[in-house]
Amino acid sequence: IILLLNPFAILPGFEAMEGQKEVIDRLQRSFRSRVTLPEQFRLAQLDALLSLIKENETQILEALHQDLYKPKFEAVLSEIDMVMNEICFAINNLRTWMQPEYVGKNLATKLDDCFVRREPLGVVLIIGAWNYPLQLILLPLVGAIAAGNCAILKPSEISQATEKLLAELIPKYLSKECYAVVCGGAEETKTLLENRFDHIFYTGSQNVARSILQAAAVHLTPVTLELGGKCPCLIYGKVDIKAAARRLAWAKFFNAGQSCVAPDYVLCTPQIQAALIPALRDALEGFYTAQPKQCPDMGRIVSDRHWDRLNNMLERSAGTVEIGGESTKQEKYMAPTVLVNVKENDVLMQEEIFGPILPILSVETLEEGIDFMNCREKPLALYIFSDEPQVVTKVLEQTSSGGFCSNDGIVHMTLPGLPFGGVGASGMGSYHGRWGFETFSHRRGCMLRGWGLERINVLRYPPYQETNLSW
Ligand code: NAD
């Protein structure tokens, strides 16, 4: 009853009586008490987060399986290991990140201490999407904790089992005074967003991102938007087609195609397409057998609504299905599907596919492929498959995207040294590794000056003398 009356009540296991306002007030009080500032506190919370994952791995895997039928290997790789690596990376580097950064000085500041100090922002809100429901909440949280913030976590309601588990585990392991999970869907998030936060970190669709920005504008809250889009994969020139097919198929059909950095469509010449189709067929059969529906390594679509959306796209596409095409609603199953003869104006090219459907479009030249990508919104990731270094360099230099990877897909996002984030319509801001720490920090420019050299200062006081301008 409490939960029905108050959608912002924290899910069972943690202070179910508390409403959103109380939670935010409590976190703001904690932040003002400066408890999150010491390095030791941040390290202890990061350690606790590591224990949360290690001690509950089985439950986490079960929740991910329930939500997305995530194969164990994929769940371990993309959610558990990725988060644990990031936590360890933050723990190992925190002291360095927290050091003041001394900057170059000029003659007028020679005797001053001039440095950049990273300071936490305050109480931040992290809103996650359903496709990597653990990673998309906990990875930003690592940056928020490392930078010394308090945080409210709002997991996606669509991946319900993971949402519930996070709401249960976070208060068991992390400081209840500094971190809290709020559950709910669109309506609840909208109400939550009426409150003032010191930063909003949002992962999800471009449409919802617009309302996040509007809500943030009311309080002038800085925002990070981790969005999606259509990530192209251009295959051009000399290339090992069998390896290309395997890497492409893995990146595309991982998590049943529900990855923000999955190759959304392929651009290649008709000659490459002729070799790519049989190679993709072999690769897919090798990965998922001739009966992918029975294969435990093939994920499922997250919800009936998304299954309907994908099925509808497939039915309306004028492309030719070369591989797959089967789907059953009851199991939210869709076979790894590849289409050819897909044109620019096809339904599959109007929005991000976000499912196991891969259209292939024909281009005749490298320049045509580059133009095709440049005429569209800047994607979150852009892939070029080619054995010719000059081709890779040309695509890198003549395009723009959130991230870039040659001759593979998705893997660039696993390296904490690389910033992860979009550009243009695919998002703003970045995180992972030090970049997450930076996102949740204010870079305060500091100058510590003493009282010396007052006689030189006289040169800048009125009454002004033209002759002193050379100072
Ligand atoms: P979603 O439906 O889970 O929504 C994301 C979050 O927004 C959820 O927590 C949800 O409760 C909240 N929400 C939904 N409607 C809202 C509203 N009207 N107002 C306020 N909050 C609202 O996820 P989705 O949007 O379907 O996510 C899929 C999209 O996310 C894809 O475009 C994908 O590419 C993108 N994505 C991006 C990244 C990245 O790191 N850049 C990662 C994963 C997914």
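1. Strands, as the word is used in this note, are DSSP runs of at least two residues, numbered from the N terminus. In this predicted model, Glu226 has its place in strand 7, which covers residues 223-226. Glu226 counts as buried because 27 C-beta neighbours lie inside 10 Å, and, leaving aside residues up to four places away in sequence, Glu226 touches Tyr202, Thr203, Gly421, Gly422 and Gly427.

2. The "active site" annotation, which comes from an unreviewed UniProt entry, covers Glu226 and Cys260. Although these residues are spread over 35 residues of sequence, they cluster in space, with a largest C-alpha distance of 9.1 Å.

3. Cys260 is found in the loop between helix 10 (241-253) and strand 9 (263-268), and Cys260 counts as buried because it has 29 C-beta neighbours inside 10 Å. Residues up to four places away in sequence not being counted, Cys260 touches Gly228 and Leu380.

4. The ligand is surrounded by 28 residues, of which the closest are Ser156, Gly204, Ser205, Gly228 and Cys260. Two or more residues of this shell come from each of helix 8 (186-192) and helix 9 (206-219), and helix 8 gives the most, with 3 residues. By class, the shell has 11 nonpolar, 12 polar and 5 charged residues.

5. Leu111 lies in the loop between strand 1 (101-102) and strand 2 (113-120), and Leu111 is exposed because its C-beta atom has 10 others within 10 Å. Not counting residues up to four places away in sequence, Leu111 touches Gly450, Gly452 and Leu453, whereas the C-alpha atoms of Leu111 and Gly429, 318 residues apart along the chain, are separated by 35 Å.

Conventions. Residues are numbered from 1 along each chain as its sequence is written. This is a predicted model: local features need pLDDT of at least 70, side-chain atom pairs count only at pLDDT 80 or more; totals for chains, interfaces and linings use all residues. Helices (H or I, at least four residues) and strands (E, at least two) are DSSP runs, numbered from the N terminus. A residue is buried if 20 or more other C-beta atoms lie within 10 Å of its own, exposed if 12 or fewer, and partly exposed in between; C-beta atoms are placed from the backbone. Two residues are in contact if their C-beta atoms, placed from the backbone, lie within 7 Å. A residue is near a molecule or strand if its C-beta atom, placed from the backbone, lies within 6 Å of it. Ala, Val, Leu, Ile, Met, Phe, Trp, Tyr, Cys and Pro count as nonpolar, Asp, Glu, Lys and Arg as charged, and the others, Gly among them, as polar. UniProt positions are given in the numbering used here, feature names are shortened, and annotations may be inferred rather than shown by experiment.
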